[in-house]
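Subject: Structure handover

Hello,

I am passing the structure below on to you. My notes on what was found in it follow.

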Amino acid sequence: MFVEYRKQLKALFDSLVQLDSKLCLLTIRDYTARVFENIESCPFEDVEVALRLVYMLGDTLPGPHFGLDSKYPLLKALTRMVLSSQVSYHSHHAVVELYFEIVVRYEKYFNHDAEHLPLVLAAFLDNRGLRHPLARLRSRCSYLFSRFVKTVRIHLATFAEEIIKGMQDLLVVNVDGHAFVSTEDQLFLYEAAGAVVISGGFEPKKQLEMMKSLVAPLLAKVESSVQDFCSVGDEEKQEQLAQFVNHLILL
């Protein structure tokens, strides 16, 4: 019932934006500004609505959303408002997740204004994103981070080493499967790490060293796991090792 109701509201919203996009943008800007001014005392529902409206604009307004050809300077202002706010520190996971969804939906914003890129990268890498207590949010951020890094890679040279260091503990793979992020999420993280190294503007020698630092632990674990597989007689343990090696190969 609730999902259907939101679909109806979304259809109404789309119609209103098509009728008068400037009025809708002004209204959303003013509402979002009021919410952000009182974000500590606002009910999380109000904060979620503000972010949801900003997010939905990306569906409704035809591109390009940013740059010299854009017809929507107010959308750029809204995006800047979200990025410069404290909303990523909100206590409710739904609000934090929407923040990251907005970052990735409007990722092309950073091609025209990279001022807030360090803040966004920090949010992804700390306990607001990849280290959030909620596993579902960590999982979503793993996917979003991989997407985001690929889009903004030309701006990452200054932050590349810091990003890799910040991800290092999340890239550790254990044979028992016990890790802070799931094996599926690690696929996205290794993908992101590879993109950072390749596009980080490093000298070839430095790039090779960084790639080795990512790959060498995996190769060592493959070798030790194959040796363990050959030495153990327990079929259940052998199956666990085989699955583990398969996961390492996929990475």
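Two residues are in contact here when heavy atoms of theirs lie within 4.5 Å of each other. With that cut-off, L57 touches F13, V17, L25, I28, L75, L78 and Y106, leaving out residues up to four places away in sequence. Please keep in mind that this is a predicted model.

Overall make-up

The protein chain has 11 helices and zero strands. Of its 251 residues, 41% count as buried. Among the contacts with a separation of 6 or more, 66% join residues 24 or more positions apart.

The largest nonpolar core holds 71 residues, and L57, F145 and F148 are those with the most contacts inside it. As background, nonpolar side chains in soluble globular proteins tend to be buried together.

Helix α3 and L57

L57 lies in helix α3. Its relative accessibility is 0%, so L57 counts as buried.

Helix α3 covers residues 44-60, 17 residues in total, and at 1.5 Å a residue it should span 24 Å; the end C-alpha atoms are 24 Å apart, which agrees. The buried residues of α3 are V47, E48, A50, L51, L53, V54, Y55, M56, L57, G58 and T60. They pack against four helices: α1 (2-19), α2 (21-37), α4 (73-83) and α5.

Two of these pairings can be described further. How are α3 and α4 oriented to each other? Their angle is about 140°, and their axes are 11 Å apart. An angle over 145 degrees would count as roughly antiparallel, and α3 and α4 are therefore oblique to each other. The contact is made by L51, V54 and L57 on the α3 side and by L75, L78 and V82 on the α4 side. The crossing of α3 past α4 is left-handed.

The pairing of α3 with α5 has an angle of about 20°, with the axes 10 Å apart. That makes α3 roughly parallel to α5. From α3, the residues in this contact are F44, V47, E48, L51, R52, V54, Y55, M56, G58 and D59; from α5, they are V95, L98, Y99, E101, I102 and R105. Here too α3 passes its partner α5 in a left-handed crossing.

Helix α7 (residues 135-151) has 17 residues and reaches 25 Å from its first C-alpha to its last, close to the 24 Å expected at 1.5 Å a residue. Its buried residues are L137, R138, C141, S142, L144, F145, S146, F148 and V149. They pack against α5, α6, α8 and α9.

Which residues does F145 contact, leaving aside its neighbours within four places in sequence? They are L121, F124, L125, L130, I163, M167, L189 and A192.

Several of these partners also take part in the packing of α8 and α9: A160, I163, I164 and M167 in α8 meet L189, A192, A193, V196 and V197 in α9. Helix α8 (residues 160-167) and helix α9 (residues 183-198) pack at an angle of about 160°, their axes 9 Å apart. The two helices are therefore roughly antiparallel to each other, and their crossing is left-handed.

The loop between α5 and α6

Two residues of this loop are worth a look. E107 is found between α5 and α6, and at 10% relative accessibility E107 counts as buried. Neighbours within four places aside, E107 is in contact with R147, F148, T151 and V152.

H116 sits in the loop that joins α5 (93-105) to α6 (117-125). Is H116 buried or exposed? H116 is buried, with a relative accessible area of 6%.

Regards

Conventions: Residues are numbered from 1 along each chain as its sequence is written. This is a predicted model: local features need pLDDT of at least 70, side-chain atom pairs count only at pLDDT 80 or more; totals for chains, interfaces and linings use all residues. Side-chain values use heavy atoms; hydrogens and water are left out. Buried means under 20% relative accessible area, exposed over 50%, partly exposed in between (1.4 Å probe, protein chains only). A nonpolar core is a set of buried Ala, Val, Leu, Ile, Met, Phe, Trp, Tyr and Cys residues joined through side-chain atoms within 4.5 Å. The expected span of a helix is 1.5 Å times one less than its number of residues. Axes are lines fitted to C-alpha atoms, for helices over the stretch in contact, and angles run from 0 to 180 degrees between N-to-C directions. Angles under 35 degrees count as roughly parallel, over 145 as roughly antiparallel, 65 to 115 as roughly perpendicular and the rest as oblique. A crossing is left-handed if the near helix is turned anticlockwise from the far one by less than a right angle, and right-handed if clockwise.
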